[in-house]
Structure formats: C-alpha cells, structure tokens
Amino acid sequence: MMMSKASTIQPEPDPAIRAVAALDDPLRRGMFRFIRLSRQPVTREAAAASVGISRKLAAFHLDKLVEAGVLRANYEPVGSVRKVGRTPKVYEATDTDININIPPRQHELLADILLEAVLTEGKGEDARQAATRVAGQRGRDLGTRERHHRRPGRLGGKRALTVAEAALARLGFEPTRDSPVCLRLRNCPFHPLADKAPELVCGMNEAFLTGMLAGLGTPRVRAVLAPRPGEC
C-alpha cells in the first residue's frame, strides 16, 4: 500500500526538543537564566533589562518560552505598592526538567529502582536480589497500566508483541521485529551503566521485561537475553 504525503502520520512533537529549540537563542537563554535565578515573578521590563533589549522584543521572546513550556506567565502586581493601571504580565520558570538523550536513556528509572531496592531489601535478600525484585514489579506495573489503558482483551502472541512494542518504544528500547513472532530491542536505555555491571543491570532489565509481560497477561511471550556482537 502506498501513502501520499498528506496522509503520512507525523510523530508527536517532543516537549524536550521543543524546549531546547526555544532556548537555542542567546537572548532567550539569558532571560530564562535571569528569571530562574530570581526565584520570583519577573516583569517584561526587568527581563528585557537583564539582556539589554527593548520591552517589545523581550515580550516576543518570553512568549516563545511560555509556548515551549519552560516559563509560565500570569498577571499580578509586583512589589508591595499597587500602582494605578493594568496589572503587569510577569514570568516564572516552570518546574519542568529538560532531558534529551540520543539514543534514549532511562538512568532515572534505573536509579529509582535501585533506591527502592535499598530501602525495601528484606531478610534473606542481597542487594542484587532486591534490585531484581523491584525491577520485576516496576515492569508488572507498567504492563498492567498498558493493559488497562488499551483494553486489548485476550492477547495472543503477535498481538501481545504489538502492545509491548508500543510501550517499550516510549521507554527508548527501540524495538524492531526480527520476525512476526520475535521483537528485538535495539537500544539499552540503561547504557552505559550496563557496561559497568552487566550481570546486575541486564538481570534487572530481563526482570523488568518479564514483569511487563506478566502485567500484560500474555504467558505465550517470553523475555530472553540474546546478546549479539555489538549488542548487549
């Protein structure tokens, strides 16, 4: 089947890339840094003065940063004295974290799993066993959420792979079909930390994927470590 340009499905815009693109301007970066360090609402006049430009030009750039999600704007009085006239527009930095990794990485997820493992390590468990347990539970939670969201009904092997593929793509595993019944993960979101402790991290990864499949409710699909040259 052929598709015309008009019918081609475009990928959803990445908020992090949009934010970085908006900050790829020295004036915007300067005002953004000034506003972040101010720790309070900043007027257009103050932001403009911080980089030495006019209020009108500052308004244009500031509104672009609001569109990108790195600033938020409100109308409120500044200072203790309320002046006559229109309440000024002020800007504050949002709490949004901006992270871009190419290829995708999930170091925060890995750190969160390890932290929970340390805090919940039980009697008779060592650190590795606790980490594997927590990774499996995180995967199960992901699979359960995915199943609840999609409501796919009873999953056969191929359909289960399709559902899993979508979830794993969002996490940066870069899944591809080696065959209709085999999904290979081309990227490790835990690299390069996996290189430092492959038995630990790869074991956690396998437990995470096994848990996800359990959460999806698909016993016909298994997660298997299958290293190749150049791929962990």
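The following legends describe close-up views of a predicted model.

**Figure 1. Overall arrangement of helices and strands.** The protein contains nine helices and five strands. Along the sequence these elements follow the pattern α-α-β-α-α-β-β-α-α-α-β-β-α-α. Of the 232 residues in the protein, 33% are buried. Among the contacts with a separation of 6 or more, 53% are between residues 24 or more positions apart.

**Figure 2. The largest nonpolar core.** This core has 32 residues, and F208, M212 and L216 have the most contacts inside it. Two or more residues are contributed by each of α5 (107-120), α6 (127-150), α7 (157-170) and α9 (198-216). Helix α9 gives the largest share, eight residues. A second, separate core has 18 residues, including M31, A47, A48 and V70.

**Figure 3. The surroundings of M212.** M212 is one of the residues with the most contacts inside the largest nonpolar core. When neighbours within four places in sequence are left aside, M212 is in contact with G139, R140, L142, G143, A164, A167 and L168.

Figure 4. Helix α5 has 14 residues and spans 20 Å from its first C-alpha to its last, close to the 20 Å expected at 1.5 Å a residue. Its buried residues are L109, L110, I113 and A117. These residues lie on the same side of α5 because they cover an arc of only 100 degrees around the axis. On the other side of the helix, E108, V118 and L119 are exposed. The packing partners of the buried residues of α5 are α6, α8 (193-196) and α9.

**Figure 5. H107 and the segment that it touches.** H107 lies in helix α5. With a relative accessible area of 32%, H107 is partly exposed. Not counting residues up to four places away in sequence, H107 touches P189, F190, H191, P192 and L193. H107 and F190 are 83 residues apart in sequence, yet their C-alpha atoms are 5.8 Å apart in space. Two further residues touched by H107, namely H191 and P192, are joined by a cis peptide bond with omega near 5 degrees. P192 is placed in the loop between β5 and α8.

**Figure 6. The aromatic pair of F173 and F190.** The structure holds one aromatic pair. The pair is formed by F173 and F190 in an edge-to-face arrangement, with 6.4 Å from centre to centre and 90 degrees between the planes. It links distant parts of the chain: F173 belongs to the loop between α7 and β4, F190 to the loop between β5 and α8, and the two are 17 residues apart. F173 counts as buried because its relative accessibility of 2% falls under the cut-off of 20%. F190 is likewise buried, with a relative accessible area of 3%.

**Figure 7. The hairpin of β4 and β5.** Strand β4 (residues 175-179) runs antiparallel to strand β5 (residues 182-185), and four bridges join them. The two strands form a hairpin with two residues between them. Within this pairing, P175 stands opposite L185 in β5.

**Figure 8. The three-stranded sheet.** Three strands form an open sheet in the order β1-β3-β2, with antiparallel pairing. Five bridges connect β2 to strand β3 (residues 89-93) in the antiparallel sense. One of the residues that can be followed here is R72, whose bridge partner in β3 is E92.

**Figure 9. Two residues with positive phi.** R39, although not a glycine, has a positive phi of about 60 degrees. R39 is found in the loop between α2 (26-38) and β1, and R39 is exposed, with a relative accessible area of 68%. E174 is another residue other than glycine with a positive phi, near 50 degrees. The place of E174 is in the loop between α7 and β4, where E174 counts as partly exposed at 36% relative accessibility.

Conventions. Residues numbered from 1 in each chain as written. Predicted model: local features only at pLDDT ≥ 70, side-chain atom pairs only at ≥ 80, totals over all residues. Heavy atoms only, no water. Core = buried A, V, L, I, M, F, W, Y, C linked by side-chain atoms within 4.5 Å. Buried < 20%, exposed > 50% of the residue type's maximum accessible area, 1.4 Å probe, protein only. Contact = heavy atoms within 4.5 Å. Pairing = 2+ DSSP bridges. Expected span 1.5 Å × (residues − 1). Arc of directions from axis to C-beta. Phe/Tyr/Trp six-rings, centres within 6.5 Å; stacked < 30°, edge-to-face > 60°.
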